[in-house]
Amino acid sequence: MNKVVLMGRLTRDPDIRYSNSQSGEQLCIARFSLAVDRRMSRRDNNGNEQSADFINIVVFGKLAEHVEKYYKQGLKIALTGRIQTGSYVNKDGQKVYTTDVVAEELEFAESKNAAGSNFNGGNGGYSNFDSQGGGYAPKSSPDPSDANGAGFMNIEGDLEGALPFGQKKS
């Protein structure tokens, strides 16, 4: 099984490119680096303490278009995906090996308020995007400050005709 789950912050704005897919359509490709905190830090070769890993992420298709629209440097996200390795020959004729995480699902890991100046985008009340379903999932938890003294949320307006149950019969 090849499955990766990561949470971290974007180290830079995503690099967005478009390529022709096999079907002839434009395919969006987003690349960015994610800083993921380590549980225990270690020293690098220069004696500097390293407490995070910087992992290259690549995203394709509609999910990449979502990244292009809403993701900025400093944004904290959670993702699931898979590790993909590859290689290419650079302009000096040397073979270069690559390791990337191909993201399949992305979620915002903090609110816009918690992100402060790190996050300038918005998603209209939707919290995550799934590459398989290609759609957004609505936020599931209401704001607790909207509850009245009994713990119920206050609902404005007349909902008598809008509810499918408990309606008065004429």
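Trainee: Is Thr80 buried or exposed?

Mentor: This is a predicted model, so a computed value has to decide. Buried means under 20% relative accessible area. Thr80 has a relative accessible area of 18%, so Thr80 is buried.

Trainee: Which residues does Thr80 touch, leaving out those up to four places away in sequence?

Mentor: Start with the location: Thr80 is found in strand β5. Leaving out residues up to four places away, the contacts of Thr80 are Lys3, Val4, Val5, Val102, Ala103, Glu104 and Glu105.

Trainee: How far apart in space are Thr80 and Met7, C-alpha to C-alpha?

Mentor: In sequence, 73 residues separate Thr80 and Met7. In space, C-alpha to C-alpha, the distance is 9.0 Å.

Trainee: In what order do the elements of the protein chain run?

Mentor: Count the elements before ordering them. The protein chain has two helices and eight strands. From the N terminus on, the order is β-β-β-β-α-β-β-α-β-β.

Trainee: Which element gives the largest share of the largest nonpolar core?

Mentor: That core has 22 residues. Elements giving two or more residues to it are β1 (4-10), β3 (26-43), β4 (49-60), α1 (61-70), β5 (76-89) and β6 (95-108). The largest share is five residues, and it comes from β3.

Trainee: Which residues does Ile57 touch, not counting those up to four places away in sequence?

Mentor: Ile57 is among the residues with the most contacts inside the largest nonpolar core. Beyond four places in sequence, Ile57 touches Leu6, Ala30, Arg31, Phe32, Leu34, Leu79, Val101 and Ala103.

Trainee: The structure holds one aromatic pair. What do the planes of Tyr71 and Phe108 make it: stacked, edge-to-face or tilted?

Mentor: Two values describe such a pair: the distance of the centres and the angle of the planes. The ring centres of Tyr71 and Phe108 are 5.3 Å apart. Planes under 30 degrees apart count as stacked, and over 60 as edge-to-face. The planes of Tyr71 and Phe108 stand at 45 degrees, so the pair is tilted.

Trainee: How many residues apart are Tyr71 and Phe108?

Mentor: Both residues are buried. Tyr71 lies in the loop between α1 and β5, while Phe108 is in strand β6. The pair links distant parts of the chain, with a separation of 37 residues.

Methods
Residues are numbered from 1 along each chain as its sequence is written. This is a predicted model: local features need pLDDT of at least 70, side-chain atom pairs count only at pLDDT 80 or more; totals for chains, interfaces and linings use all residues. Side-chain values use heavy atoms; hydrogens and water are left out. A nonpolar core is a set of buried Ala, Val, Leu, Ile, Met, Phe, Trp, Tyr and Cys residues joined through side-chain atoms within 4.5 Å. Buried means under 20% relative accessible area, exposed over 50%, partly exposed in between (1.4 Å probe, protein chains only). Helices (H or I, at least four residues) and strands (E, at least two) are DSSP runs, numbered from the N terminus. Contact means heavy atoms within 4.5 Å. Rings of Phe, Tyr and Trp (its six-membered ring) pair if their centres lie within 6.5 Å; planes under 30 degrees apart count as stacked, over 60 as edge-to-face and the rest as tilted.
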